[in-house]
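The stops below can be taken in order.

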Protein chains: 2
Amino acid sequence: MQLLEERIRRDGVVRDGDVLKVDSFLNHQMDVVFFSELAKEFERLYHDCGVNKILTIEASGIGIACITAQTFGCPLVFAKKNKTLNIAGDVWTSKVHSYTHRRVYDIIVSKDFLGPNDRVLVIDDFLANGAALTGLIELVEQSGATLVGCGICIEKAFQPGGDMLRSKGIRVESLARVKSMSVENGIAFC
Amino acid sequence: MQLLEERIRRDGVVRDGDVLKVDSFLNHQMDVVFFSELAKEFERLYHDCGVNKILTIEASGIGIACITAQTFGCPLVFAKKNKTLNIAGDVWTSKVHSYTHRRVYDIIVSKDFLGPNDRVLVIDDFLANGAALTGLIELVEQSGATLVGCGICIEKAFQPGGDMLRSKGIRVESLARVKSMSVENGIAFC
């Protein structure tokens, strides 16, 4: 998606260690007006798939997932990383290895909000190793819901997550796919 | 706001320990279409205040804050509870005592995204003891930004947070104010 690639070129900052900082518009400060354009693109890609639920994971995915849910006119459910005292009862649960935080954590969704009647589009801001998406897809499978596909803002296509998921037959649509990046040479898209 | 009170009566569940579960529409599953109505009410209350930034705290506040930012046509910044490897450089920081998670944590916002030119509306889903709001307001004060006020979906008016903040001269607008609640007698609004 040209609009997103241009924005990444303009406002993204590459740091050592394969870090692409886009926190001025995507995942710390959020340009919600811009998000509407991304959401419309997800809607164009998945409009005929009967999506009736958006699923994401806290925290930085919630913004784009929220605007996407608005565009589809359906609810959003976000998976929680920590079991809070306020979620009682039965939950779907899986494990995610966070490379950013360097630890493994449980993610949960209440069984009340994900089940066999749901046709789920999983939305997230980044796809790199695919750890978060894999965890979310496991929740969908446990619940008996139908996974329609995944919508990603930025895929680091030089990392294995996207190819690994597509090789399993999962539809993954990424609005921008980074082929390579470095502090010296900047960003190249696929 | 009658619409929200009706929704709480219909879908909210009171549990022992002053817990009001509204996770079917507000803070786990999110009824984003409904959020638009809440956001319009925040816009009605604060439309003449020159708001140019929405501030909230991860994770459950991001959804309503996102739709509110869309209504105001301005960016959203959310305070993070954990310092990630991807946020380098200077941050505003304060401490929040979480009653839900029973611990104290640091919250941070990058100095890049909160400063003297910002007129900030703080949005959150709940107000009870005021711990999260107090922490967010401290970030605003540190940054030199102007605090326009706070917009809350549900205030537990029988807990001290709202009165404590208003007694300091801070404008706090809550769309639903719970006067009392119990498993036996249900919910009464102010």
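This is a predicted model: local features need pLDDT of at least 70, side-chain atom pairs count only at pLDDT 80 or more; totals for chains, interfaces and linings use all residues.

Residues are numbered from 1 along each chain as its sequence is written, chains are lettered from A and ligands numbered from 1 in the order in which they are written, and side-chain values use heavy atoms, with hydrogens and water left out.

**Stop 1: the interface**

Select the residues of each chain that touch the other chain, taking contact as heavy atoms within 4.5 Å; the selection holds 41 residues from chain B and 40 residues from chain A. The area buried between the two chains (the accessible area, with a 1.4 Å probe, that two parts lose on being put together, summed over both) is about 3400 Å², and carbon and sulfur atoms give 64% of that area. Across the interface there are 13 residue pairs in polar contact, both residues being at pLDDT 80 or more; a polar contact is a pair of N or O atoms within 3.5 Å, where within protein one must be able to donate a hydrogen and the other to accept it, and residues adjacent in sequence count only if both atoms are side-chain atoms.

Helix H3 of chain B gives the most, with six residues.

**Stop 2: the sheet across the chains**

Which strands make up the open sheet of seven strands? Its order is E11(A)-E10(A)-E9(A)-E8(A)-E4(A)-E5(A)-E3(B), with mixed pairing, and two strands pair if DSSP finds at least two bridges between them. Strand E11 (186-189) of chain A and E3 of chain B stand at the edges, each with a single partner strand, so one side of each has no neighbour in the sheet.

Zoom in on strand E5 (residues 76-79) of chain A, which two bridges join to E3(B) in an antiparallel arrangement. Here A:Leu76 has B:Met30 as its bridge partner, and A:Val77 has B:Gln29.

**Stop 3: A:His28**

Select A:His28, in the loop between strand E2 (19-21) and strand E3 (29-30) of chain A. This residue counts as buried because its relative accessibility is 0%; buried means under 20% relative accessible area, exposed over 50%, and partly exposed in between (1.4 Å probe, protein chains only). A polar atom of the A:His28 side chain lies 3.1 Å from the backbone oxygen of B:Phe78, and the A:His28 side chain also reaches the backbone nitrogen of B:Ser110 at 3.1 Å.

**Stop 4: two residues of chain B**

Move to B:Asp23, in the loop between E2 and E3 of chain B, which counts as buried at 11% relative accessibility. The side chain of B:Asp23 makes a polar contact with the side chain of B:Lys21 (3.0 Å).

Finish at B:Ala188 in strand E11 (residues 186-189) of chain B, which is partly exposed at 27% relative accessibility. Not counting residues up to four places away in sequence, B:Ala188 touches B:Arg177, B:Val178, B:Lys179 and B:Ser180.

Conventions
Helices (H or I, at least four residues) and strands (E, at least two) are DSSP runs, numbered from the N terminus.
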